[in-house]
Structure formats: structure tokens, C-alpha cells
There are 2 protein chains.
Amino acid sequence: MIPAFPILPNPNDPRLTRRISGTDQTGAEVTLSVVEERPLTIYLNAQEIVTAMTIGDYPEYLALGFLRNQGMLRGDDIVTAIDYDEEVETVVVRTTRQTSYEDKVKRKTRTSGCAVGTVFGDMMEGLEGLTLPQTAVRTSWLYALAHQINTVPSLYLEAGAIHGTTLCFEEKPLVYMEDVGRHNAVDKISGFMFQHGIPAADKILYTTGRLTSEMVIKTALMGIPVLASRSGFTAWGVEIARQVGLTLIGRMRGQRFVCLAGEGRLIRDADPATQAEEGRKHSRKAAADDE
Amino acid sequence: MIPAFPILPNPNDPRLTRRISGTDQTGAEVTLSVVEERPLTIYLNAQEIVTAMTIGDYPEYLALGFLRNQGMLRGDDIVTAIDYDEEVETVVVRTTRQTSYEDKVKRKTRTSGCAVGTVFGDMMEGLEGLTLPQTAVRTSWLYALAHQINTVPSLYLEAGAIHGTTLCFEEKPLVYMEDVGRHNAVDKISGFMFQHGIPAADKILYTTGRLTSEMVIKTALMGIPVLASRSGFTAWGVEIARQVGLTLIGRMRGQRFVCLAGEGRLIRDADPATQAEEGRKHSRKAAADDE
């Protein structure tokens, strides 16, 4: 069963932030909301796979999505249980299929940038032969999405130092996940899609972070044909997007954006001149703009 | 021998960026400078340790610093050779001591946020009993450093989507490293310090990225008592800084900053009111502010 859409951040969840006191530039005492960061060790059946540092919400989706995005959980795998133990900070995903990834876990790639995570085995594994559907994307949707995502109450606006990723359908944000690691936010979305059987072909993924190779690969493996961001690109990210035919849009701020791959999907139905420039008072910019 | 200070970014190095064409919001063709991102596989003697995604400059410092920050290279280890092979994208660090980290390499922690990397073994290893020197830090130095670092020509200003970390002495930036992964930038600085025997006790580390647990742990293990950033904090980063007695300064923008740990080192010799507010035209803000 699909939970009621949309899933939005809950900046008021007391487990996700902590009030911490210190001093400001004048020496006066100040108290800030600071995001939590805690370890979560993910197991697949009897095997310990990884310890991720995460803000701590949706541990089940994070575990499922991480395993799915690493190719350790197959699309047709039957998950019999997901056991999360808050006290010992572990989550165990159990499947009917017997799994063993000893060899795979040995080969790690430390990926770059804000989208940094650990990729086991060959990063490009699974990309050959992948074709993404030629779903059209209206630029009016992109503007509407950016506006909604940048203004909805979020931990980002409350405490900064966090990344957000949103699964979108046309001009509607459906699932908005946040995490200290942007790769975790994407994995949570992947876990959500796996758990509830959400189709990927007609979706758009919007992220606050940079469009690195890891982000592009994850998005493509999830089967989502369009990835948009307010941040910039890396050359390898663009190269992979072009290889797999993914639409890659970056530097999306106010009326501006740049498309460096998959231009063919764009339907330019919005007049950029009618879109507001991103101002000083724009809510996302107004918060501490953590990098 | 210590190379001539300072080491600054070289935004004109043609290996570090690529010109890529696409379209902007109006459909007009645009060409951007986009940072490179390439794999580098690091070996310690005969053992393959990790593949890092990096912009590609200073591979020798990156390898040395990565191994040093993971505790795989000891302070008293004698490095007999560092063999970098650009074509096969590998760097091999050779030591007189026989090394084997099979068990350690098996335990990985995927750390969070922009400072994301892979930590082998126990992240907190080496922190117990660590004492950082009570070096004083003048706030006038911090303001002078932030101003210089934010305005010096860099890949960040040229192409965005990159992080910078600077090793500083008093009000002087000494070594400014950039990378797609901020953890790589820090590792390159660590490698530089190891190679040239640079003392850490009187240094300040300045980073563009968030003050996560990984950044705080790396800085402490390097023996640097002060870490400053224009970005925000995570709760665990603050907690560890307080445990090890590291001075942690974040949200440093214009005249503002917040100190959440190690306040005792600060000498407040600068009047914040005489510092310029960070304006719209400030060069770091004016570039695409990648997150």
C-alpha cells in the first residue's frame, strides 16, 4: 500500500535536531538548531554491509534503497522482514533469496563531492544496455517544482547543513527526503519506491546537491529519466548522463537553468522571463547556505 | 624540502576542467567550464586500499594523506617511493615497514554529508588520549583568512561544484587544496604536511564545507587545534570537537561566525562591526554557490 502523498520533511521531529549553545562573533551566547548525525549499520541477511552516517529518519527505506542502489537487492527479491533496532543502531534486511556479497563488499569506490558515498564493485555495473524512457518534461513543471521544494518547511531551512532530494511527478513533489549525506536522501527515495512498487519511468528527481557521477548513476539505475539540481555539474556526471540518455539539468535558480544532457525530452512551455529571479529574500537562499 | 608557500589553486590548469556545451533556459547554446572527476586507485605496498573519485591534481599528496588519515601510514613510517601512473589511474605508496590491512579494509563507515568519505575500521580510533595544544587564535586572523580565501582565484570561482580546504598559519593561508570531494582536499593537505614534516600545533584549517564528524575527526587526528568553515555544523561534529578540545567555528560569513567548541582559544581582538557584511557581489557568493 502506498502511504498518503506527499512525504515532506518534518523539521519539528525532535530526534532530528539538537539545540546547541555557543558564542557568536561578539562573544554573546547563541543557541542553534544543529542536525543530528548518527551511525546506522546495514545488514543483508547475515552479512554486515556498511555503516552509514545518517540523520536517522526512515532507516528502513535507507537500508532498502542502499542495498537496491548497490545491486545487492534485486528488483524481484522478496523482502521477508526489515528489523530496525534503534538502540544498537542496526537495520537488518531479510530476503527469501540467500545472499552473499563477500567479494563485492571488498571492492569499494569512494565517490566524490557532496554526493559522496561508497560504491561496491564496479560503479558502472548495470548501466550497459540501460535505456531510459523518452518521457517529455515541461519546463513549466521544473519551475513549479523548484519553487515548491525551495519554500516548503524543511530541516534545511530550520538547521542547514543538510541535503534534500525529491521524487516528483510532473509539477508535483511526491516524496521529499533529507539527510546529512545526499546519497542517503537518494537511497531513502529508492527504498520507498522499491517498498511500494512506484514506477520510475514518468518521474523527475530533484536534488539540492551537485550532479556528480554517483548521482547520475544512481538516478539512471533507479530508472528515472530526468535529474535536476540547483547546483552544478562534474564532467564525468555529464558524460555518463549522455551515455545513458538521461536528461541532466543544473544551476537551476530563479529563471535560470542549464541543460547539459538529454535536451530532447524538454518541452519549453514556460517563458523564463515570467519567472521570478531568485532574490536575496528567497527562503532557501536566506537560510545558511551550506555547501 | 618545503616547496615555496603558498600553494594556491590553479584554475587555469587544463586537466582540471572541461568546456561542455548545452542549452540555457531560453534554449540558447551555452558553454560552461565543468570540473573533472576521475578515479584514482590507491595502493599501500601490494594492497589495493580504495578507489577515490578526485579532480586529479596532487595524486601523491592525496594518497599519502588518505593513508595517513586512515591510520594506515604511521607518523614514523618511511616512504620509499610514491609511484603515480596517470594512464592506469593508480598511485602506489611504498614503505619500509611491511603493511597489511586486510581486516581493517573490511570494516567501512560511509560518512555523511559533503565531507563524505570512507573510513576504515573504527572512526574514533586514535582519538582517545589525544590532546590538542592550547594555541591562541585571534579573531582578526579568522576574518583576514576568510577574506583572502574567498577572493583568491580558484576553481570554485571558475567552475563551481568543488570544495576547498586551506591550511593556515595565523592570518596567512599556506596551502589551498580543492577537490570534488572535500575529504580529498583535506587528505591532500594531510599528505603535504606528512611529506614535508609541517608542524600542526600552530595551524588553523579552513574549509568551505560542513563541520561533520568526519571533518572534525580528520582535523583532530592531524593535530590541528582549530577548524573554521563558512558552512554549518552537525551535532556529532560538535560533540567530538568538545571531547577532544578542538576549536570549532562555523557559519563564518562577513562579520558573523559562531563558535560551538573550544571557545577558550579565541582572542577577540577584532571588532566585528568594522568587518564588511558579505554582500551580493562578494566573489564567493557571486559564483554558482554549489552545495
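In chain A, Pro225(A) touches Leu132(A), Pro133(A), Thr135(A), Ala201(A), Leu246(A), Thr247(A) and Arg265(A), leaving aside residues up to four places away in sequence. The model is a predicted one. Pro225(A) lies in the loop that runs between helix H6 (213-221) and strand S13 (226-229) of chain A. There are 26 other C-beta atoms within 10 Å of Pro225(A), and the cut-off for a buried residue is 20 or more, so Pro225(A) is classed as buried.

In chain B, strand S3 (residues 38-44) pairs with S4(B) in the antiparallel sense, over 7 bridges. The two strands S3(B) and S4(B) form a hairpin with 2 residues between them, and Asn45(B), in the turn, has a positive phi of about 50°. Within this pairing, Glu48(B) of S4(B) is the bridge partner of Tyr43(B). Of the 8 residues of strand S4 (residues 47-54) of chain B, 6 are buried, so the strand is largely enclosed by the rest of the structure.

Helix H3 of chain B covers residues 139-151. Buried residues in H3(B) are Thr139(B), Trp141(B), Leu142(B), Tyr143(B), Leu145(B), Ala146(B), Ile149(B) and Asn150(B). An α-helix has 3.6 residues a turn, so residues three or four places apart point the same way.

Technical notes:
Residues numbered from 1 in each chain as written. Chains lettered and ligands numbered in written order. Predicted model: local features only at pLDDT ≥ 70, side-chain atom pairs only at ≥ 80, totals over all residues. Helix = DSSP H or I, 4+ residues; strand = E, 2+ residues; numbered from the N terminus. Expected span 1.5 Å × (residues − 1). Buried ≥ 20, exposed ≤ 12 C-beta atoms within 10 Å, placed from the backbone. Contact = placed C-beta atoms within 7 Å. Pairing = 2+ DSSP bridges.
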